[in-house]
Amino acid sequence: MELITDVRELTHIAYGFKAAKAMLSALELGVFECLKDEPGSLDQVAVATGLAENRLETLLTALVSLGLLSKTGDLYENAPAVQTFLVSSQATYLGDYLLLQTDRFLFPAFVELSEVLQGHGAGTAWGEYQDLMADPAVAAEFSRGQHAGSLGPAAALARKTDLAGRTRLLDVGGGSGAFTIACCNRNPSLQATILDFPNALGVAREFVESAGLGERVDHFAGDALNAEWPDGHDVVLMSFLASAVSGDTIGPLFHRAFAALPAGGLLVVHDFMVDDDLTGPADAALWFLSCMFNSADARALTPSLITDHMIDAGFVHAEVQPLIPDLTCVASALKPG
Ligand SMILES: C[S@@+](CC[C@H](N)C(=O)[O-])C[C@H]1O[C@@H](n2cnc3c(N)ncnc32)[C@H](O)[C@@H]1O
């Protein structure tokens with residue numbers, strides 16, 4: 001990364017939150033939705049969204065300046081990525097993730113970043129998963145948002161991970177079941193169990209049923225750190241779990257995975273990871289700031305940290321591959337036998 005020399009680059013970072021919130025508000029207020037079929041004028045968008053024209057024009061100007069919309073004459077049009085990812089009729093829709101997680105939990109949480117960095121406990125907007133998942137409505141909202149965000153990575157992981165010959169997957173901290181569903185769809189004889197806090201599983205059941213996988217997927221309610229894990233699984237998957245718990249509990253989780261697997265069993269860990277030299281990439285590095293809201297003891301994950309924990313737990317052949325470029329990696333290892 002080139003070092004910053006210009007004050008405008010500093011202010012660009014300082015005011016980055018304005019661009020984020022402009023996009024999130026446009027999404028929430030239906031701006032992109034009302035331009036999904038054809039370009040529209042200011043007054044057409046005003047009627048569709050119910051926003052006053054003067055305020056809407058200010059928002060649309062900002063969105064055009066950011067490349068989220070184009071403006072040709074009087075007509076506004078969604079940018080290609082907006083049309084693909086921020087319009088709800090698309091299978092690739094990411095809006096629920098951005099609205100239900102980014103806007104609802106992450107954006108307000110970051111106001112308290114300095115306090116969290118000083119060790120004054122988890123923030124009030126977004127805290128430890130055990131507390132977050134204790135409220136059924138919050139758990140459902142969070143998991144629904146997570147599902148939208150995890151569908152893409154889950155499809156990529158299912159494509160890249162060889163589960164041929166594997167019979168039963170335990171998806172620890174499986175949340176909405178996005179990864180279980182993708183792996184089962186990709187491997188027609190695979191069965192699975194989703195383990196998560198009880199209130200996360202209601203949403204998982206719904207998504208599993210609507211994917212037509214009700215017969216192949218079980219649900220197990222419990223705390224992965226304390227509950228006895230269900231047996232009979234030859235693959236353990238943890239996606240975005242290591243980053244969700246404190247640094248100290250990654251080791252115990254991997255030891256539990258080792259104990260639960262038979263000889264030859266496979267552990268797959270998908271998560272945000274920065275490079276081993278702790279220099280970036282920025283997208284992954286910034287994610288670990290978010291993780292401190294879930295656990296004050298969270299720390300940036302690297303491929304080495306994950307594979308060291310795997311080897312320490314007894315696994316062999318630990319290896320790491322990138323999944324979402326500059327953001328996440330998949331680590332895998334085998335139980336010897
Ligand atoms: C960021 S979400 C990831 C969900 C899912 N694995 C995915 O990648 O879409 C983290 C999940 O881990 C679950 N979780 C966190 N700590 C847990 C624990 N101790 N026991 C069980 N589940 C846990 C949360 O409830 C949440 O569903």
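Aspartate 6 is partly exposed, at 24% relative accessibility. This is a predicted model, and that applies to everything I go through here. Aspartate 6 pairs with arginine 8 in a salt bridge, with 2.9 Å between the closest N and O atoms. Arginine 8 is exposed, because its relative accessibility of 62% is over the 50% cut-off. Aspartate 6, at 24%, falls between the 20% and 50% limits, so the label there is partly exposed.

How many salt bridges are there by this rule? The count comes to 5. As a general point, side chains of opposite charge can pair when their charged atoms come close.

Take lysine 21 and aspartate 103. Their side chains meet in a salt bridge, at 2.7 Å from N to O. Lysine 21 sits in helix α2, residues 16-28, and aspartate 103 sits in helix α7, residues 95-109, so this pair ties together parts that are 82 residues apart in sequence. Aspartate 103 has a relative accessible area of 13%, which is under 20%, so aspartate 103 counts as buried.

Next, glutamate 206 and arginine 144. These two form a salt bridge whose closest N and O atoms are 3.0 Å apart. Glutamate 206 belongs to helix α12, residues 198-210, and arginine 144 to helix α10, residues 136-160, so the pair ties together parts that are 62 residues apart in sequence. Glutamate 206 is partly exposed, with a relative accessible area of 41%. Arginine 144 is partly exposed too, at 30% relative accessibility.

Now the ligand. Which residues come nearest to it, of the 18 around it? They are Ser150, Gly173, Asp196, Ala224 and Ser239. By class, the shell around the ligand consists of 9 nonpolar, 7 polar and 2 charged residues.

Serine 150 places a polar side-chain atom 2.6 Å from an oxygen atom of the ligand. Serine 239 also has a polar side-chain atom by a ligand oxygen, at 2.8 Å. For aspartate 223, the ligand atom is a nitrogen, and the distance from a polar side-chain atom is 2.8 Å. As for cover, the ligand taken alone exposes 590 Å², and the protein buries 97% of that.

Back to the surface. Ile4, Val7, Leu10 and Ile13 make a nonpolar surface patch of about 390 Å². Isoleucine 13, one of these, lies in helix α1, residues 7-14. Is isoleucine 13 buried or exposed? Its relative accessible area is 59%, over the 50% limit, so isoleucine 13 is exposed.

Last, histidine 120. Where does histidine 120 lie? In the loop between α8, residues 113-117, and α9, residues 129-132. Histidine 120 is exposed, at 55% relative accessibility. From histidine 120 to leucine 75 is 45 residues in sequence and 49 Å in space, taken C-alpha to C-alpha.

To go back over the pairs: aspartate 6 with arginine 8, lysine 21 with aspartate 103, and glutamate 206 with arginine 144.

Key. Residues are numbered from 1 along each chain as its sequence is written. This is a predicted model: local features need pLDDT of at least 70, side-chain atom pairs count only at pLDDT 80 or more; totals for chains, interfaces and linings use all residues. Side-chain values use heavy atoms; hydrogens and water are left out. A residue is near a molecule or strand if one of its heavy atoms lies within 4 Å of it. A polar contact is a pair of N or O atoms within 3.5 Å; within protein, one must be able to donate a hydrogen and the other to accept it, and residues adjacent in sequence count only if both atoms are side-chain atoms. Accessible areas come from the Shrake-Rupley method with a 1.4 Å probe; for residues, only the protein chains shown count as cover. Ala, Val, Leu, Ile, Met, Phe, Trp, Tyr, Cys and Pro count as nonpolar, Asp, Glu, Lys and Arg as charged, and the others, Gly among them, as polar. Patches are made of residues with over 30% relative accessible area and no salt bridge: like charges are joined within 9 Å, nonpolar side chains (Val, Leu, Ile, Met, Phe, Trp, Tyr) within 5 Å. A salt bridge is a side-chain nitrogen of Lys or Arg within 4 Å of a carboxyl oxygen of Asp or Glu. Helices (H or I, at least four residues) and strands (E, at least two) are DSSP runs, numbered from the N terminus. Buried means under 20% relative accessible area, exposed over 50%, partly exposed in between (1.4 Å probe, protein chains only).
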